[in-house]
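Please keep the structure open while you go through the points.

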Amino acid sequence: MYKHILLAADGSENAARAAKEAIKIASCRKDSMIEVAYVVDFDQSKTDVLHSGSSEAINLERRKKIVKVEQLLKDSGVSYKVTFLHGTPGLEIVNYANEQQVELVVIGSRGLNGLQEMVLGSVSHKVMKRVNCPALIVK
Amino acid sequence: MQSLKQQWFGNIRGDILSGIVVALALIPEAIAFSIIAGVDPMVGLYASFTMAVIIAFAGGRPGMISAATGAMALVMVPLIKDYGLEYLFAATLLTGVIQILFGVLKVARLMKFIPNAVMIGFVNSLAILIFMAQVPHFIGISTMTYIFVGITLLLVYTLPRFIKVIPAPLIAIISLTIVAIFSGVNLRTIGDLGTITQSLPTFMIPDVPFSLETLKIIFPFSLSLAIVGLVESLLTSQIVDDMTGTESNKNQEARGQGIANIVTGFFGGMAGCAMIGQSVINVKSGGRGRLSTLIAGLFLMFLILVLGDLVVKIPMPVLVGIMIMVCIGTFDWASFKYLVKAPRTDAIVMLTTVVIVVWTHDLSKGVIAGVILSAVFFVVKISSVSITHEDNRYYVNGQLFFASTDSFIDFFKYNEINSKSILIDFSNSRIWDESGVGALLKVKELLKEKNIHIEVVELDSSSKKIISRLEGATSSH
């Protein structure tokens, strides 16, 4: 099956469900690796820098947001790594997935921002449309 | 750290485009900050040109935008009012010299000692002051003024949802200026507050007497400007570091700010520094390298040379609307949650910083007061030692040093101790100085009088060292 799986995580319940599905797929093959991508919105940087003592503290805070996903991955025994991207969530996931030539993108159907989904079309939709590899949207 | 070639030419397309976007966004701000400072718009525009161009070469954070800023403009207001423009240029030069000194002395490290609470207070008071500076330009002038401010705000907040390539403030300026000109409504324009000269800045030496008298006048301002400039620049560089996931050279940035200010002073500009808002715009628009900063400066100057005649026609209410947007963007809206959730002392430091800045109109005073206050809170916090005991074992909790010895001694003075022999356990403590050792000796004597034998246990090695050193010193007398 897929060797390099990109899991888009944003700290929502849906991301945790997506993680479970990604684990199922990754478990099919011994050398599969899940890369958890968390996108830090550009507008978040100023607030995070102002409210944290150091870049290490910022990283720790961000790591906390995906703790649920990380716990699931740890428990499953699948090999994984966490990557922080910076920019607009949908766009960065697409760019990164295409750049790194990942084989599968797994993403929750809706994230934290419910309103934006209604108005502008969701991150997952954008990813589905523009990513070069297969994408799995988890309900 | 990237190579110099990478810093310049690693992202040519993105840098050129974002530089153009930033130049367009810089013009209204440079003009507005000139008006705040009480000088001609050209002073801010020239400063933005020279700051950006020099920082592109001399700065330590590629992709960061420096120009004329509100924080600096606020500091220089009294200097300009009382002594005039030439003294501002002289003060700008001196600011640069001080900043270079700070850079050489590696002051960037000291930024670590500015607590978050003070930084949050800094941006909040900056936002409040820029807003306050706009008030005279739109309150109680005319109904049409309110309408134009309102429409500007509406445009700058709704347009980005539909048009992403062209900055919304630019669309607002162009469309509303056209509306104002053709409808013939009576609005004050930038031209009413100053003139735009369509020429490049020229080198000149500030026309002030080179005397101790002059130095006395400008030094306090230059010192404030140097501090404010470095605080905002280093904060901005942290934000750009985080946004781009890269590192920067903070000391080089401090030196670069100094060099840029010296050049700015010689070319008839006002002291400037890095700008949070513009740097965020630059990164968001795709700018990453030094080229973006250079293009921003060059394109800004080009626009003024070509379009200077039109810039003076921009109605003030439109500029005010854009500046209100800048305030809203500068303010840290997470502060309200912070006031509730952060430790009481941090919240007090933040509010104190804001109050002092708003009171004095000088951001450097707020920063200094905030740092001192939080240092005092810190000392108070760590200067209390508590002692708990199980049977005859007494645990010292906290640091034992000159400020905390009283609470340590008082415990043994006023508490009844029932056993004939006790252990004082230092596993949760440490002795820092002579006063700490003295306090321990005093407690020994106190208890000796009461015929209680004590034994000190679990001292860490550095505490042991300081005790043996000082005891050795006393016994040798």
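**Notes on the model**

B:Leu423 has B:Glu455, in β6(B), as its bridge partner. This is a predicted model: local features need pLDDT of at least 70, side-chain atom pairs count only at pLDDT 80 or more, and totals for chains, interfaces and linings use all residues. Residues are numbered from 1 along each chain as its sequence is written, while chains are lettered from A and ligands numbered from 1 in the order in which they are written.

1. B:Ile422 faces B:Ile454 of β6(B). Right-handed here means that, with the strands pointing away from the viewer, the path from the first strand over the helix to the second runs clockwise. Strands (E, at least two residues) and helices (H or I, at least four) are DSSP runs, numbered from the N terminus.

2. **The β4–β5 pair of chain B.** Strand β4 (residues 393–400) of chain B runs parallel to β5(B), with 7 bridges between them. B:Gln399 has B:Arg430 of β5(B) as its bridge partner. Helix α17 (residues 405–414) of chain B carries the chain from β4(B) to β5(B), and this crossover is right-handed.

3. **The whole sheet of chain B.** The order is β3-β4-β5-β6 (chain B), an open sheet of 4 strands with mixed pairing. Two strands count as paired if DSSP finds at least two bridges between them. At the edges are β3 (386–390) and β6 (453–457) of chain B, each pairing on one side only. Neighbouring strands are turned by 25 degrees against each other on average, direction ignored.

4. **A helix pair in chain B.** Helices α7 (residues 143–158) and α8 (residues 168–183) of chain B pack at about 140 degrees, with axes 8 Å apart. Axes are lines fitted to C-alpha atoms, for helices over the stretch in contact; angles run from 0 to 180 degrees between N-to-C directions. The α7(B) side of the contact includes B:Phe148 and B:Ile151, and the α8(B) side includes B:Ile171 and B:Leu176. By class, the contact has 9 nonpolar, 1 polar and no charged residues. Ala, Val, Leu, Ile, Met, Phe, Trp, Tyr, Cys and Pro count as nonpolar, Asp, Glu, Lys and Arg as charged, and the others, Gly among them, as polar.

5. **Where the chains meet.** Contacts link 17 residues of chain B with 12 residues of chain A. Contact means C-beta atoms, placed from the backbone, within 7 Å. On the chain B side, α9(B) gives the most, with 5 residues. That side has 10 nonpolar, 4 polar and 3 charged residues.

6. **The sheet of chain A.** Here 5 strands form an open, parallel sheet in the order β3-β2-β1-β4-β5 (chain A). β3 (79–86) and β5 (135–138) of chain A each have a single partner strand, so one side of each lacks a neighbour in the sheet. Strand β2 (residues 33–40) of chain A is joined to β3(A) by 8 bridges, and A:Val36 stands opposite A:Val82.

Key:
Two residues are in contact if their C-beta atoms, placed from the backbone, lie within 7 Å.
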